Amino acid sequence: MPFLVRFLLRHAAIGVGVAAVFVALLAAFDVAHLGTLFRTSADGPLALAVLTLALGVTFGSVQMGFAVMLMSDKDEPPRGRRIRLTRLVPRLARVHAGR
């Protein structure tokens, strides 16, 4: 399997794992009575599965985004040029009012 595919799958799995822990903590601490809903309602397991799936997709996507944005390529020198900021001087701009 190519490196980038493994990289993305690994980070997606990390995000889904974090989401599962987050949902477990929400249920354990009964935040907004979610734990009670999951235990007492007939559709509690379905609600738990849907919440875990939705947060898994969200957290997995965020984790993949962080991982991709934090990747660095050590082979290339830094690109771009340094811009030295000097004192900013306001300038007048001509504006014509039109009807």
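Residues are numbered from 1 along each chain as its sequence is written. Because the model is predicted, local features need pLDDT of at least 70 and side-chain atom pairs count only at pLDDT 80 or more, while totals for chains, interfaces and linings use all residues, and side-chain values use heavy atoms, with hydrogens and water left out.

Me: In what order do the elements of the protein chain run from the N terminus on?
Reply: Helices (H or I, at least four residues) and strands (E, at least two) are taken as DSSP runs, numbered from the N terminus. The protein chain holds three helices and zero strands, and from the N terminus on the order is α-α-α.

Me: Is His11 buried or exposed?
Reply: His11 lies in helix α1, residues 3–28, and, beyond its neighbours within four places in sequence, has contacts (heavy atoms within 4.5 Å) with Gly60, Gln63, Met64 and Ala67. Buried means under 20% relative accessible area, exposed over 50% and partly exposed in between, with a 1.4 Å probe and protein chains only. The relative accessible area of His11 is 14%, so His11 is buried.

Me: Do the rings of Phe22 and Phe59 count as stacked, edge-to-face or tilted, and which is the word for this pair?
Reply: Rings of Phe, Tyr and Trp (its six-membered ring) pair if their centres lie within 6.5 Å, and planes under 30 degrees apart count as stacked, over 60 as edge-to-face and the rest as tilted. The count comes to two aromatic pairs by this rule. In the pair of Phe22 and Phe59 the ring centres are 5.6 Å apart and the planes stand at 40 degrees, so the pair is tilted.
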